[in-house]
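Reader: I would like to go through this model term by term. Please show it, and then let me ask where the words come from.

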Amino acid sequence: MDNTKAAPAFSLGLPRGVEALVKRAVGLDMVEALYHRVRTQQPPAASAGEFCGRVLRDLGIHYDWDADKAAELSRLPGPVMFAANHPMGAIDALVLMALMDQTRPGARLMVNAAADFVPELKAGF
């Protein structure tokens, strides 16, 4: 992933001054700052799952999972479906993507259109 360019702003399509106020009001300015911090880390994330893991670490979010169950998932032949029912959430999707990357490299996650804003995630969706 090329992370040498400045992080693009998450544009809402509003006039500049109004957009800045809206972003501050809903916390999108903090999301943009987080995105820029993670996006510019070296070396660049090699996968969408690694990028998600870096976001979680930056946020101080830790998750536990059963390593034996994960090993079982990595050995299963054929397709595997992971599911989470949080249509407006992000943390569970980040954890799921990080875990999928470790257990089933190349797996993809179906998400809503909000993920289109983050180029580093497109390979995983």
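The questions below ask what lies behind the terms used for this predicted model.

Reader: What is the overall pattern of the protein along the sequence?

Author: The pattern is α-α-α-α-α. The protein has five helices and zero strands.

Reader: Why are α1 and α2 called roughly perpendicular?

Author: The axes of α1 (residues 16-26) and α2 (residues 28-39) cross at roughly 85°. Angles of 65 to 115 degrees count as roughly perpendicular, and therefore α1 and α2 get that name. Their axes come within 5 Å.

Reader: Which residues make the contact of α1 with α2?

Author: K23, R24 and V26 of α1 meet L28, D29 and E32 of α2. By class, this contact has two nonpolar, no polar and four charged residues.

Reader: Which residues of α3 and α5 meet?

Author: From α3 they include A48, G49, C52 and V55; from α5 they include I91, L94, M97 and D101. The residues of this contact divide into ten nonpolar, two polar and two charged.

Reader: What makes a set of residues a nonpolar core?

Author: The members must be buried residues of the nonpolar kinds, such as Val, Phe and Met, joined through side-chain atoms within 4.5 Å. The largest such core here has 20 residues, and F51, V55 and M97 touch the most other members. Helices α2, α3 (48-59) and α5 (91-103) each supply at least two residues, and α5 gives the most, with seven.

Reader: Which residues does V55 touch, not counting those up to four places away in sequence?

Author: V55 touches L34, V38 and L94.

Reader: How much of the protein counts as buried?

Author: Buried means under 20% relative accessible area. By that cut-off, 30% of the 125 residues count as buried.

Reader: What share of the contacts between residues at least 6 apart in sequence join residues at least 24 apart?

Author: The share is 55%.

Reader: Where is P43 found, and what is omega for the peptide bond from Q42 to P43?

Author: P43 is found in the loop between α2 and α3. The peptide bond from Q42 to P43 has omega near -5° and is cis. Most peptide bonds are trans.

Definitions and conventions. Residues numbered from 1 in each chain as written. Predicted model: local features only at pLDDT ≥ 70, side-chain atom pairs only at ≥ 80, totals over all residues. Heavy atoms only, no water. Axes fitted to C-alpha atoms, helices over the stretch in contact; angles between N-to-C directions. Helix = DSSP H or I, 4+ residues; strand = E, 2+ residues; numbered from the N terminus. Parallel < 35°, antiparallel > 145°, perpendicular 65-115°, else oblique. Contact = heavy atoms within 4.5 Å. Nonpolar A, V, L, I, M, F, W, Y, C, P; charged D, E, K, R; others polar. Buried < 20%, exposed > 50% of the residue type's maximum accessible area, 1.4 Å probe, protein only.
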